[in-house]
4 protein chains.
Amino acid sequence: MTSRIAARESLGNPSFPGGRLPEAETTFHVRYAETDQMGIVHHSAYIVWFEEGRSALSRHLGRPYAEFEQTGLALAVSEVSARYLVPARYDQRVTVRTRVGQVRSRQIRFEYEVYDSETGQCLVIGHTSHICLDPEGRAARIPDAWRELWGGVATKGGT
Amino acid sequence: MTSRIAARESLGNPSFPGGRLPEAETTFHVRYAETDQMGIVHHSAYIVWFEEGRSALSRHLGRPYAEFEQTGLALAVSEVSARYLVPARYDQRVTVRTRVGQVRSRQIRFEYEVYDSETGQCLVIGHTSHICLDPEGRAARIPDAWRELWGGVATKGGT
Amino acid sequence: MTSRIAARESLGNPSFPGGRLPEAETTFHVRYAETDQMGIVHHSAYIVWFEEGRSALSRHLGRPYAEFEQTGLALAVSEVSARYLVPARYDQRVTVRTRVGQVRSRQIRFEYEVYDSETGQCLVIGHTSHICLDPEGRAARIPDAWRELWGGVATKGGT
Amino acid sequence: MTSRIAARESLGNPSFPGGRLPEAETTFHVRYAETDQMGIVHHSAYIVWFEEGRSALSRHLGRPYAEFEQTGLALAVSEVSARYLVPARYDQRVTVRTRVGQVRSRQIRFEYEVYDSETGQCLVIGHTSHICLDPEGRAARIPDAWRELWGGVATKGGT
């Protein structure tokens, strides 16, 4: 899986003086199982790709999401939204670009674009909101180290 | 799969004088494969359940969605949105209640509630928007017979 | 989800004198998301249906599989095999018939038939083998109560 | 998605004098959605990975499977078998190694190994058999060009 930090946006962004870049991309081929009988990718597959985008972003920040769960906490999805512009097809190379939208004390928002890796055509956009849960399933504060990590690459300031 | 037309809402609703009821319910057990390592149902599973809710609604209206596709048309998903309130768990009996939100000449909106079949507790709410596509993938008018069918049970008037 | 214990086989089977029946059936509609661009159900969907068949069998025996996991043990899949005879299609009503093949001290085998609920035509047959794992992931003995439960409906004697 | 033809095996294999190599590998991270509440990858996910292995092999041979379907034919899965040795986990890098087992006039068999990309530990092995179907769903001969392509890298001679 090739993936790279998109350098493009970091240049003019004074909040990344040390080089922490605001978004990550991950590229893969559409799987046959992800198609449906319309001959295009089923709309639920993009929701799974968004999640893989989050994983890729965490890896690029040097702190895989698996580490977050090792603290006993989890980021449960509280909201999903997606707009489908152009259908993806079997074996197409697609790229998911993921960025942190906003980090708050107990919540975090991620934003996504899925596009054709060759032409750059945008296929789907979306976002997810998450709430931090403790092992008992109660809302919990995101630990400071993680808030700083994600807040440092967020496109909007947190509170 | 037990499913029934919810009679509750039809009583006071003058737009269903002939008995066409505005929503359908379908009930099933959560599958093990639908869980993830958080121990709860993965958020993408509800998107698939919404779709099964649409299928159930079409069956209850006496016109399965498969018949719609036999016309050569399809209702491609253009938007999905879901809010997750309470997680569902393996083997839980859940019910998806589906209604038509609005029908327009080329578009249709469906609305969903997923709730616990025993307690009635609401777990997830959401909606999807669809655009009617012809076999070449171009936006097309929804045939009159289908617009009337779905429009007749829509919660909002079309245009 | 309608499901019933298949009475057919129990009549002449002296190993079920008390009425414990050897197999369970569960019936549901094929979901749209389960199709692929060939226009038929994707072969991986049946593997998920097999699992739902196991869940249905456990429910019918009065001991849902969730209870087994509450002991801290799990039945990890060690082998899957399926033969695809006739493709299932969207919205078709299909039935999964599940039986216990054999129970051994640390292993259990289940067998499946998926067939068209209306015509009875057999679509897919398969089996899965499972190994009992303790919370540390080591092979463990299946507790006696569960061995007796499953062994009591097994088509082959255990050891 | 990094993927490469495994050169290792081709050296001592006189049946690939012209350099057509007998197997392909594709590597990716395990997706969160592929886990279940046991905390490991759900067994049905590997079946999807096998399929992605087939796609990767076809791409490496320079003839993507999408081209095969453009002839109007399809390779329907007639049999799947998998043995699960060690569970994969979220975010783990895994590699699927795929080879053609045997090509016959209307059938083809593929073989798979899924292993940990870092340690090389084998996680799952399996195979699938496929039957060539024409647009009406009848068994059909695999076109000569494709039989030669796949037969040229098969580990067993065809008939």
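Visitor: How much area is buried between chain D and chain B?
Guide: About 870 Å² in this predicted model, where buried area is the accessible area (1.4 Å probe) that two parts lose on being put together, summed over both. Carbon and sulfur atoms give 55% of the area between chain D and chain B.

Visitor: And how many residues of chain D are in contact with chain B?
Guide: Nine residues of chain D touch nine residues of chain B, with contact meaning heavy atoms within 4.5 Å.

Visitor: How many salt bridges and polar contacts are there between chain D and chain B?
Guide: The salt bridge count between chain D and chain B is zero, a salt bridge being a side-chain nitrogen of Lys or Arg within 4 Å of a carboxyl oxygen of Asp or Glu. Four residue pairs are in polar contact between chain D and chain B, both residues at pLDDT 80 or more. A polar contact is a pair of N or O atoms within 3.5 Å; within protein, one must be able to donate a hydrogen and the other to accept it, and residues adjacent in sequence count only if both atoms are side-chain atoms.

Visitor: What classes of residue are on that side of chain D?
Guide: The side of chain D that touches chain B has four nonpolar, four polar and one charged residues. Here Ala, Val, Leu, Ile, Met, Phe, Trp, Tyr, Cys and Pro count as nonpolar, Asp, Glu, Lys and Arg as charged, and the others, Gly among them, as polar.

Visitor: OK, switching to chain B and chain A. How much do they bury?
Guide: Chain B and chain A bury about 1700 Å² between them, with 59% of it on carbon and sulfur atoms. The contact takes 20 residues from chain B and 20 residues from chain A. Met38(B), His43(B) and Tyr84(B) supply 28% of the area that chain B buries against chain A, more than any other three residues.

Visitor: Which elements of chain B give two or more residues to that side?
Guide: Those are helix 1 (43-60) and strand 3 (74-84) of chain B, where helices (H or I, at least four residues) and strands (E, at least two) are DSSP runs, numbered from the N terminus. Strand 3 of chain B gives the largest share of the side that touches chain A, ten residues. By class, that side of chain B divides into nine nonpolar, six polar and five charged residues.

Visitor: Where do salt bridges turn up, say in chain C?
Guide: One of them pairs Glu113(C) with Arg97(C), the closest N and O atoms being 3.3 Å apart. Glu113(C) lies in strand 5 (residues 107-116) and Arg97(C) in strand 4 (residues 93-103) of chain C, so the pair ties together parts that are 16 residues apart in sequence. Over all chains, the search finds 60 salt bridges.

Visitor: What about confidence in chain A?
Guide: Chain A averages a pLDDT of 88, and 86% of the residues score at least 70; pLDDT is the predictor's confidence in each residue, from 0 to 100. Over residues 1-19 of chain A, pLDDT stays under 50. Where pLDDT is low, the predicted coordinates should not be read in detail.

Visitor: What conventions apply here?
Guide: Residues are numbered from 1 along each chain as its sequence is written, and chains are lettered from A and ligands numbered from 1 in the order in which they are written. In this predicted model, local features need pLDDT of at least 70, side-chain atom pairs count only at pLDDT 80 or more, and totals for chains, interfaces and linings use all residues, while side-chain values use heavy atoms, with hydrogens and water left out.
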